[in-house]
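Dear colleague,

Please find the structure below, handed over for your study.

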Amino acid sequence: GVAWALLLLALLATDPVLVNHARLDWGPQMIATLARVASLAALWRWLQTGRMHWLVTLCVALLVGFFDKLNFVWVIAALAGATLATAPRLALNRLRTGAPWQPALAGLTAVLLLWGTVTLVRRAARLDVLGDAGTFDAVAQFVKVWNLYATTFSGTSVINWVFGTEAVETSAFNYLALLQIAAAVVLLAVWRPWTPARHLLAFLTALMAMLFVAITATRQVGGTHHLVMLWPLPILHLVTLVAISAQHIADARPGTMRGARVLMATVGIAVCGTLLAWNIGWAMRNIDTWQNDRDYRPQFDAAIAKLDARLDTLGVDRVISVDWGLHQQLVTFADRRRAANYREWTWRLQDAPDLERDDLRRAVAEHVHGKRVAFVLHAPRFETFTGARARLDALLARDRPCDLSEQTFVNSAGKALYTIVVADYRNCGVSAKPAG
């Protein structure tokens, strides 16, 4: 009903998980979030109606989401698995009814996604960005993802990382998710008949569980920008569960589980109210944090396209961004043959005040020594993270190039927005200072 829809809207719109990740676009995540929500809604509406425009929306959302982020493959796999688990005959009937165009569209989309998985995901599966993928057994991997879930859905992960605060993180959201799944399984197992609303609850339960399993099974998972791929399922599942529990609650006939449903509805409404208060409280605190902080000042200007064209003329072996908000745009605009030479080092330098740290030494040896490198950052007045230039200067003092030049790039308004520092380690008689 309208009341439940408004409750869901209020919880989602104020959720700090979404608000903070949208503010930072950490990942980047917002295109993936749009594609995730659109694909979920379109798939369910297509299953209910069989209309062609919903299948078109679903296919477009899946392709855009996969193109935006390779780990969208988790969402694709979970959507497919949940459909096979809860509505296999219905999906097959929809395709048969929509022949020949609907099966053709679904088949073409499946082929494109399979091609992308084979050519891209297979290669990415060998990556180990954090250097710890091989150090976790199954139990340790689960514990890592469990802790990341708590950090993510407490809604404080972005604030803590960007600003170095110590905002509270709690596992209460983990236990709430487990209770939701358990309650939904019990409700679905013993309460009949199966209405469309209960089919939706079954679908969301399977989808949420399968998506969590897919994320946990990926050894490279290492941040809350990965676990946020579950959003908005926890809240959507909770509101759906509470709404179904409260449905026809006055019906006291045998087999309707009236007592259990009254309890679930009462507890669920209290939980939703608590969540809304939590969300609003953090929203008020975060507004002040985002507005008044001077260490994080994101910038965007259309001149970044011309900046990328300038980088293409420099003849460098690597383009390394050392301030936030540059790498994704630069690698997108880059020539396809050169895109693999672009790197993002904002966090690598920010998290490594010790320039002798092993992972930094390995990265320098692989991507800097013996190469001509263009380091890219915002000009001093426009740094996203204060101190980006100081961190780069410290690295260049530690690993001295044989030649160093600097260019300033201005936008159409004449503002000096970007700085390119070209460090030549390629044409030196003596290599850069080796690792200690």
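Leu 330 lies in helix 16; helices (H or I, at least four residues) and strands (E, at least two) are DSSP runs, numbered from the N terminus. This is a predicted model, in which local features need pLDDT of at least 70 and side-chain atom pairs count only at pLDDT 80 or more, while totals for chains, interfaces and linings use all residues. Residues are numbered from 1 along each chain as its sequence is written, and side-chain values use heavy atoms, with hydrogens and water left out.

With a relative accessibility of 0%, Leu 330 counts as buried; buried means under 20% relative accessible area, exposed over 50%, and partly exposed in between (1.4 Å probe, protein chains only). Neighbours within four places in sequence aside, Leu 330 is in contact with Ile 304, Leu 307, Asp 308, Leu 311, Ser 321, Tyr 342 and Val 376. Contact here means heavy atoms within 4.5 Å. Ile 320 is ten residues from Leu 330 along the chain, and their C-alpha atoms are separated by 10.0 Å.

Helix 15 (residues 304-312) has Ile 304, Leu 307, Asp 308 and Leu 311 as buried residues. Seen down the helix axis, the buried residues of helix 15 fall within an arc of 100 degrees, so they line one face of the helix; the arc is that of the directions from the helix axis to the C-beta atoms. Those buried residues pack against helix 16 (327-333) and against several strands, including strand 1 (318-321) and strand 3 (372-378).

Asp 399 belongs to the loop between helix 19 (388-398) and strand 4. Asp 399 is buried, with a relative accessible area of 0%. Its side chain makes a polar contact with the side chain of Arg 361 at 2.8 Å, and another polar contact, of 3.4 Å, joins the side chains of Asp 399 and Arg 398. A polar contact is a pair of N or O atoms within 3.5 Å; within protein, one must be able to donate a hydrogen and the other to accept it, and residues adjacent in sequence count only if both atoms are side-chain atoms.

Turning to the whole chain, it has 19 helices and five strands. Buried residues make up 46% of its 436 residues. Among contacts between residues at least 6 apart in sequence, 73% join residues at least 24 apart.

How many disulfides are there, taking a disulfide as a pair of cysteine sulfur atoms within 2.5 Å? The count is zero.

Yours sincerely

Conventions. Disulfide = S-S within 2.5 Å.
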